[in-house]
Amino acid sequence: TRTSVVTGSASGIGATTARLLAERGERVIGIDLRNADVEADLSVPEGRADAAARAIELAGGTIDAVIACAGISAPIPKTISVNYFGVTELLTALLPALAASDAPRAAVVSSMASLQPNSAEMVEAALAGDEAGALRIAAELAEQGPEAGYLVYPSSKRALARWVRRESITPAWAGAGIPLNAVAPGTVITPMTADLLKTPEGAAMVDAAVPMPLNYHQPPESVANLLIWLTSVENSHLAGQVVYDDGGADATLRGDDI
Ligand code: NAI
């Protein structure tokens, strides 16, 4: 049996991924703020280091797959810390345990929102590993009001997608035989989107930004099953990709622009 570490395991896409893996008889070590094997706060460096150390200990030193789902969508500075640094620092800290596996794999959850308007400055600060700088830019945006604040989430997901592309081909990942990829969902029916989708006005707003001609809003299983395949033994060569699993939103919005 494989051992997978799943972040955000207490809710939504992460909880569904953990359940589907467990149903297959695989071992799951969940990380979340609460209701998880490892309870830790991925918004801060100590929480990330603590989560990695405890997950490695529970796994007995070898981790076969890491699936990073934990994230928040609020227009606040913390969003860049959880969605970017909470993923990249955790994955980096788990690398030694992944390298001990015969078939190590990793996948993260970006978003089709990474295609939406974002702050290039914040994306660059994140990719440079400058969390304080990225937080400062996010705070400035949040202070300018809701419209500017809403750039924080797409910026966090754009930075994460770029990190995956850059890192996936390095000696640490590709060189160590570890496929690293991202998935980019459309609008997934989870607690994160529940309030927005409750009213026709909220749903119309979401649908204007994220058009989904194929099968409309998606269940968390549609993303979880892809994450599970990307981190399975079967995936030997798919690396550095952002897989848009979004009901056709990316094809609608970007068209030929790829
Ligand atoms: P959710 O809100 O149901 O689950 C997110 C989980 O992350 C929660 O259990 C939460 O406690 C955990 N988490 C948040 N902050 C944390 C922290 N500081 N430390 C540890 N755990 C923390 O959300 P959902 O919808 O399952 O989202 C999962 C991922 O998918 C997120 O990264 C989100 O940005 C992304 N996504 C979601 C979409 C949607 O429409 N729901 C669309 C595209 C991407």
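In which helix does Glu221 lie?

Reply: Glu221 lies in helix α10, which covers residues 220–230. The model is a predicted one, in which local features need pLDDT of at least 70 and side-chain atom pairs count only at pLDDT 80 or more, while totals for chains, interfaces and linings use all residues. Residues are numbered from 1 along each chain as its sequence is written. Helices (H or I, at least four residues) and strands (E, at least two) are DSSP runs, numbered from the N terminus.

Glu221 counts as partly exposed because it has 15 C-beta neighbours inside 10 Å. On this scale, with C-beta atoms placed from the backbone, a residue is buried if 20 or more other C-beta atoms lie within 10 Å of its own, exposed if 12 or fewer, and partly exposed in between. Along the chain, Glu221 is 208 residues from Ile13, yet their C-alpha atoms are 7.2 Å apart in space.

The loop between α9 (200–209) and α10 holds Asn215. Asn215 has 11 C-beta neighbours inside 10 Å and so counts as exposed. Its phi is positive, about 65°, although Asn215 is not a glycine. Asn35 also has a positive phi, near 55°, and is a residue other than glycine. Asn35 sits in the loop between β2 (27–32) and β3 (38–39), and it counts as exposed because 11 C-beta neighbours lie inside 10 Å.

Next comes the ligand. Its shell has 28 residues, the closest being Gly8, Ser11, Gly12, Gly71 and Thr190. The elements that each give two or more residues to this shell are α1 (12–23), α3 (78–99) and α8 (191–198). By type, the shell has 13 nonpolar, 13 polar and two charged residues. Here Ala, Val, Leu, Ile, Met, Phe, Trp, Tyr, Cys and Pro count as nonpolar, Asp, Glu, Lys and Arg as charged, and the others, Gly among them, as polar.

Helix α3 contains Val87, which counts as buried because 29 C-beta neighbours lie inside 10 Å. Val87 is 16 residues from Gly71 in sequence and 8.8 Å from it in space, C-alpha to C-alpha. Leaving out residues up to four places away in sequence, Val87 touches Ala68, Val108 and Leu160; contact requires C-beta atoms, placed from the backbone, within 7 Å. Leu91 is also in α3 and is buried, with 26 other C-beta atoms within 10 Å. Beyond its neighbours within four places in sequence, Leu91 is in contact with Val66, Ala68 and Ala106.

Helix α3 also meets helix α2 (residues 45–59), their axes coming within 9 Å and crossing at roughly 30°. Residues of α2 in the contact include Pro45, Arg48 and Ile56, and those of α3 include Gly86, Glu89 and Leu94. The contact residues divide into 11 nonpolar, one polar and two charged. The axes are lines fitted to C-alpha atoms over the stretch in contact, with angles from 0 to 180 degrees between N-to-C directions.

Technical notes
A residue is near a molecule or strand if its C-beta atom, placed from the backbone, lies within 6 Å of it. Two residues are in contact if their C-beta atoms, placed from the backbone, lie within 7 Å.
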